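Thanks for coming, everyone. Let's walk through one model together, from its cores out to its surface. Please have it open.

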Amino acid sequence: MRRSAITGAKPMNPKKLVIPTDFNPYSSLSKINPFSWICPYCDRTATITSNDATSCAHVNKLLPENNTTVFTSVFIKCPNPECGKISLFAKENELSMFSVKNMKFYKVGDVLQSFQITPKPKPRAWPSNVPLAVREDYSEAFLICEFSPKASATLSRRCLQGIIRDVWKVKPDNLSKEIDQIQDRIKKETLDIITVIRKTGNIGAHMEKDINMIINIEPNEAHLLVELVEALIQEWYIDDPKKEKLMNNLKTKIEKQT
């Protein structure tokens with residue numbers, strides 16, 4: 001999502017086995033490895049290094065070492081000289097710690113929750129040629145992604161169906177069959193993204209049914225649906241030379257999470 005923690009800081013490689021030289025996970029988990037990032041202020045894409053960001057990790061010592069979590073906060077200064085504003089992100093990951101022959105190891109696991117603290121995330125503003133119902137559903141789906149992923153997913157699926165019906169004038173049916181009606185009329189890259197979404201866990205399983213059905217869904221899956229809606233609005237309603245890059249970036253991101 002353009003203004004979500006998903007597109008924000010990624011200071012560590014999830015699920016990677018790490019051997020800290022000082023037998024202390026804090027310094028290694030706080031290390032900034034270069035990552036691609038989109039500034040939420042100026043929308044410029046940049047590669048962030050330790051010159052542009054500072055990070056701090058806090059391990060939850062109240063939990064057992066073999067099943068604890070780590071909370072990481074990251075300050076990022078936009079390297080664009082015309083911007084230079086500071087963003088703050090945070091996330092909590094699963095963390096497993098164990099010893100082998102008196103050597104300490106730890107493994108960073110799945111993201112449990114993530115936040116964009118500064119600036120406050122806000123949905124994109126779309127022009128009036130995007131139907132009002134689509135704009136309203138998109139905005140609400142964006143805003144409640146973290147707090148109610150099930151409701152967000154429901155709104156995103158309804159938004160997706162509204163876009164397809166408005167742009168392609170398909171014969172009304174369930175969302176899955178409506179997507180089938182346009183698969184030979186849209187770009188392969190776009191179809192690939194929709195197909196990956198349909199194959200992702202709960203999302204794909206319920207695209208065959210009523211779009212208003214409430215389903216159990218993880219926040220990262222809800223984020224993917226919102227980003228799909230953004231990408232399709234960008235491609236199908238707005239003539240933007242960046243749209244191909246946006247679609248390719250989204251496809252890569254989705255494939256990494258599946």
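First, a term: buried means under 20% relative accessible area, exposed means over 50%, and partly exposed lies in between, with a 1.4 Å probe and protein chains only. C145 is buried, because its relative accessible area is 1%.

Now the ground rules. This is a predicted model, where local features need pLDDT of at least 70, side-chain atom pairs count only at pLDDT 80 or more, and totals for chains, interfaces and linings use all residues. Residues are numbered from 1 along each chain as its sequence is written, and side-chain values use heavy atoms, leaving out hydrogens and water.

Stay with cysteines. How many disulfides does the structure hold? It holds 0, where a disulfide is a pair of cysteine sulfur atoms within 2.5 Å. Take C39: the nearest cysteine sulfur belongs to C78 and is 3.7 Å away, and C39 is in no disulfide. C39 counts as buried because its relative accessibility is 0%.

Next, the cores. A nonpolar core is a set of buried Ala, Val, Leu, Ile, Met, Phe, Trp, Tyr and Cys residues joined through side-chain atoms within 4.5 Å. The largest one has 39 residues, and I163, I164, I233 and W236 touch the most other members. Six names to find: α2 (132–143), α3 (149–168), α4 (175–182), α5 (188–198), α7 (219–237) and α8 (243–256) each give two or more residues to this core. Helices here are DSSP runs (H or I, at least four residues), strands are E runs of at least two, and both are numbered from the N terminus. The largest share, 11 residues, comes from α7.

Zoom in on I164. Beyond its neighbours within four places in sequence, I164 contacts K169, V170, L175, E178, I179, I182 and W236. Contact means heavy atoms within 4.5 Å.

There is also a second, separate core of 12 residues, including F35, V74, I76 and C78.

Back to α5. This helix is mostly covered, with 8 of its 11 residues buried. Among them are L191, I194 and R198.

Last stop, the strands. F71 sits in strand β5, residues 68–77. F71 counts as partly exposed because its relative accessible area is 34%. K107 belongs to strand β7, residues 103–118. At 41% relative accessibility, K107 is also partly exposed. Where is E94 relative to K107? The two are 13 residues apart in sequence, and 8.3 Å apart from C-alpha to C-alpha.
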